[in-house]
Amino acid sequence: MKGADGDVEAEYRSLVEQVNEHRRRYYQLDAPTVSDSEYDDLERRLVEIEQAHPDLVSAESPTATVGGARSEMFDPVEHLQQMYSLDNAFDADELAAWAQRIENTLGSVPNLLCELKVDGLAVDLVYRDGRLVSLATRGDGRVGEDVTNNAQFISSIPDRLRASDADLPVPSLLEVRGEVFFPISTFDGINAHVMEQGRTPFANPRNAAAGTLRQRVDRRLDDLAAAQSRRGELQKSGHATERIDQRVDRLAADADRATGQLAGLQLVVHGIGDRAGYDPVTLSESYAAMASWGLPTSRHTTVQPSMADVVAFIDHFHEHRHDVEHEIDGVVVKVDSISDQGALGATSRAPRWAIAYKYPAEVVTTTLEDIRVNVGRTGRVTPFGVMAPVRVAGSTVQMATLHNASEVERKGVLIGDRVFLRKAGDVIPEIIGPVVEVRTGSERPFTMPTRCPECSTPLAPEKEGDADIRCPNTRSCPAQLRERLFHLSGRGAFDIEGLGYKAAVALLDCGLVVDEGDVFALDAEALIRCPFFTRATPDGATLSANATVLLDQLGLARDRPLWRVLVALSIRHVGPTAAQALARELFTIDAIMAADHDTLAGVDGVGTIIADSVIEWFAVDWHRSIVDRWRDCGVRMADPVPDGQAPGLLSGLTLVVTGSLAGMTRDEAQEAVTAAGGKASGSVSGKTDYVVAGANAGSKLAKAESLGVRVIDEEQFGILLAHGPEALT
């Protein structure tokens, strides 16, 4: 197949970066900056390019992974069975194509279960002997965040399952999949309160649910108990308690707010994972059983006997989506028979037996009051529309992205226009174009600035032909500095609580940091000089609670693994996947800095583009200065080499894992290959050295046999990992 030309390769690189960044903002920050429909379009284009040019695909591709990552603020929970994402259908033809694939495998289309796609946060619950033992977020699909402590405040999550039917006892093990969400009325009330306080409202109910469930309420309650205990001690000794009384009141109000928000959350279950003592024949049967045990199931779920009935269900709720108690953005269609689900299987990220039919984005009109620009952490200057506030898809919208100056010109919008606005469950919508018929003549065109609005540096494309323009003042542009400081504190980087966007602005405005290299040198003496980090007391200014949290978190962040350091450096194209690959292969920041292009590009999941970016970044003096200053402040710059590891044992070998292995999942098997220096591929070719065939291996096994590629079983795979290819006879 013909390789990709330069334009396609550049588009692909940009798409990978955009999709991964939008996933990070959506799943880790709970703060998306594009609409669902925009993200879906980017991902669909990415799939189109990968199908046409498989030579471009790397392990970093978001199409091969489940969106989301676990925050280190919570303990990890490994799901008993993997939680998947869902493939999407956007029209009747795509839904029909999915049904045809099922018919091709099974011989016919079986009964299909239809349920509403709730705009909430996916969670995993595990019950043992009927008692709740864990509540976790989806995370990366295999490992999520342990939020079990917060379950006690959510009334719809039962802490114990009880059998209402003697013929249907509670199983000894039950893993339940569900969605935690806010009812529309509750969500609107939360956002009204947030905006009254002058804070940014939640983008959508999903982000509100995620932000609420991810609160460390246990810490708040512990702080309150400690303060109450201290007050009791002071009262016994006859000391004044005015100051501690104020602290207790503040902590109590904070705890009440947090637990009150949690109490507003609801759960709806929509699937089962691992189980023991219960073996349902159909998914709908399991829903009825879970309802009998006290778990909340949706009253809108139904089993349909034909695709025509499925389409009728979808059409009905498209017209009545706002009649439901929670926000929805589509319908999920699943094969009801569990044995048929097993026969259909899954890809690395999504089951083949289920699909999400996404409703078209809603369209409204509003006034485009202004067009302004934003400068991102890489210097990209992006225009955005400021509109008269308008209610669309469940939230009030006032801003919309316009991408670049060429896009503004292409759409023909003028400041003051009445515009068509499209939105699909996201606070940042898409401006489709102007309503030309209602123009009054008072509208005016937008002119892209020629200088950075933050630092006055002349703007220019990075290279000739780029649609985007950038501020080249990467070192000291205030906007880029703010964004980089905010980025390094994020969950995908150092995960520093207390260093949010407002804190980053304050650090720069107060002159406490020149750039991100100064962050770990911050101490109490520095923070007390900045009003943002202080509070007034009768004895003068003292550090605020936020400052204390920040200093504590900086201490913890110094010992983060190497891959998080790499992400925090804002090296272009280096996200968590590439950073983990580099850290796993080279172990130290010094080895990464010293590595040549071939060494970096040879790391599985890195490749030429990222290797170029890494080398270019470390070639800059002030970039290396950031690393040196972090190192001087105690930031760990190396990962330990695990005892007994034999890196490079499979160096130069390409393996494909197919079928089901008894001792590990397919993902674990592929990670074992890469950890030993080999390449784990998803397709068999003449360059494949070994195919590891587990139970129910299919077309990949047949292709290996036709190409003469050596096939090994799970036992031989273990020998290969432990002793290398020489040990196989």
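One disulfide turns up in a search of the whole structure, a disulfide being a pair of cysteine sulfur atoms within 2.5 Å. This is a predicted model, in which local features need pLDDT of at least 70 and side-chain atom pairs count only at pLDDT 80 or more, while totals for chains, interfaces and linings use all residues. Residues are numbered from 1 along each chain as its sequence is written, and side-chain values use heavy atoms, with hydrogens and water left out.

**Stop 1: the whole chain**

Show the protein chain as a cartoon; it has 24 helices and 23 strands. Helices (H or I, at least four residues) and strands (E, at least two) are DSSP runs, numbered from the N terminus. Of the 729 residues, 48% count as buried. Buried means under 20% relative accessible area, exposed means over 50%, and partly exposed lies in between (1.4 Å probe, protein chains only).

Switch to a surface: the accessible surface of the protein chain is about 32700 Å², and carbon and sulfur atoms hold 49% of that. These areas come from the Shrake-Rupley method with a 1.4 Å probe; for residues, only the protein chains shown count as cover. Among contacts between residues at least 6 apart in sequence, 68% join residues at least 24 apart, where contact means heavy atoms within 4.5 Å.

**Stop 2: the cysteines**

Select Cys510 and Cys530, which are joined by the disulfide with an S to S distance of 2.3 Å. The link of Cys510 and Cys530 is right-handed, with 60° about the S-S bond. Cys510 sits in the loop between helix 13 (501-509) and helix 14 (524-527), and Cys530 in the loop between helix 14 and strand 18 (534-537), so the pair ties together parts that are 20 residues apart in sequence. Cys510 is partly exposed, at 31% relative accessible area, whereas Cys530 is buried, at 1%.

Cys455 is partly exposed, with a relative accessible area of 21%.

**Stop 3: helix 21**

Select residues 621-632, which form helix 21. This helix has 12 residues and reaches 16 Å from its first C-alpha to its last, close to the 16 Å expected at 1.5 Å a residue; the expected span is 1.5 Å times one less than the number of residues.

Which residues of helix 21 are buried? They are Trp622, His623, Ile626, Val627 and Trp630. These residues cover an arc of only 160° around the axis, which puts them on the same side of helix 21; the arc is that of the directions from the helix axis to the C-beta atoms. On the other side of helix 21, Asp621 and Asp632 are exposed.

Gly634, with a positive phi near 95°, follows helix 21.

**Stop 4**

Phe587 is in the loop between helix 17 (576-586) and helix 18. Phe587 is buried, with a relative accessible area of 14%. Pro561 is 26 residues from Phe587 in sequence, and the two are 9.8 Å apart in space, C-alpha to C-alpha.

Gln553 belongs to helix 15 (residues 545-557) and counts as buried at 9% relative accessibility. Leaving out residues up to four places away in sequence, Gln553 touches Arg219, Asp495, Ile496, Glu497 and Arg560.

**Stop 4: Glu145**

Select Glu145 in strand 6 (residues 143-145). Is Glu145 buried or exposed? Glu145 counts as buried, at 0% relative accessibility. A polar contact of 3.0 Å joins the side chains of Glu145 and Arg214. A polar contact is a pair of N or O atoms within 3.5 Å; within protein, one must be able to donate a hydrogen and the other to accept it, and residues adjacent in sequence count only if both atoms are side-chain atoms. Val77 is 68 residues from Glu145 along the chain, and their C-alpha atoms are separated by 5.9 Å.

**Stop 5: Gly682**

Finish in the loop between strand 21 (679-681) and strand 22 (690-693), where Gly682 is found. Gly682 counts as exposed, at 51% relative accessibility. Its C-alpha atom is separated by 9.2 Å from that of Lys700, 18 residues apart along the chain.
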